[in-house]
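Let's take a walk through a protein model together. Keep the sequence and the 3D view open as you read.

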Amino acid sequence: MFQGETAVTLDEKGRVAIPAAHREAVARVSGNRLVVTYNPFEHGCLWIFPEKEWERVRDEVNALPSVKAVHRNLQMKLVGAAAHVEPDGSGRVQLPASQRGAAGLEKKAVLLGMGNKFELWSEQAHLAKIRETIGEAQITEDMEDLRL
């Protein structure tokens, strides 16, 4: 559903505009209700889900047995930190200050459409991630089937 890479700017109030190309889809699939939370796997990035997709992810994460520390950590980072946001008339969403700070998001950022969600990366973290190469030893059976 969402794809593409867009350089975005956070304003002085910590708002970021959803690109115009995605606003209609956001309104259609989520009624303009989005959820912002941490990317638990990579520093420098927040995840932004349409509300319905978020509910599916939230329920799967909450169903994990909390007796395992890794599950509790995942539940804390995803569910515990989740914040509902709605685009204003200009398509901007207010990002929680705590999340912006923890992810290192400042003025310049990159918004990636990742199918079922957006990833909002700090400019520096995105650049570092893009510069990483994927080595042959990292290729899994699933990736071997890809025809790139």
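**A strand wrapped on both sides**

Start with Leu46: its bridge partner in strand 8 is Leu120. This model is a predicted one, and in it strand 4 and strand 8 pair antiparallel over 4 bridges. Strand 4 also has a partner in strand 3, joined to it by 5 bridges, again in the antiparallel sense. Here Val36 has Ile48 of strand 4 as its bridge partner. Strands 3 and 4 make a hairpin with 6 residues between them, and Gly44 in the turn has a positive phi of about 90 degrees.

Now look at the two faces of strand 4. In a regular strand, side chains alternate between the two faces of the sheet. On one side you find Cys45, Trp47 and Phe49, on the other Leu46, Ile48 and Pro50, and all are buried. Because 6 of the 6 residues of strand 4 are buried, the strand is largely enclosed by the rest of the structure.

What surrounds these residues? Nonpolar side chains tend to be buried together in soluble globular proteins. The largest nonpolar core here has 20 residues, and those touching the most other members are Val16, Leu34, Ile48, Val93, Leu95, Leu105 and Leu120. Among the elements that each supply at least two residues of this core are strand 1, helix 1 and strand 7. Another core, of 13 residues, lies apart from it and includes Trp54 and Leu112.

Finally, visit the loop between helix 1 and strand 3, where Asn32 sits. Most residues other than glycine have a negative phi. Asn32 has a positive one, near 65 degrees.

How values were computed: Residues numbered from 1 in each chain as written. Predicted model: local features only at pLDDT ≥ 70, side-chain atom pairs only at ≥ 80, totals over all residues. Heavy atoms only, no water. Core = buried A, V, L, I, M, F, W, Y, C linked by side-chain atoms within 4.5 Å. Buried < 20%, exposed > 50% of the residue type's maximum accessible area, 1.4 Å probe, protein only. Pairing = 2+ DSSP bridges.
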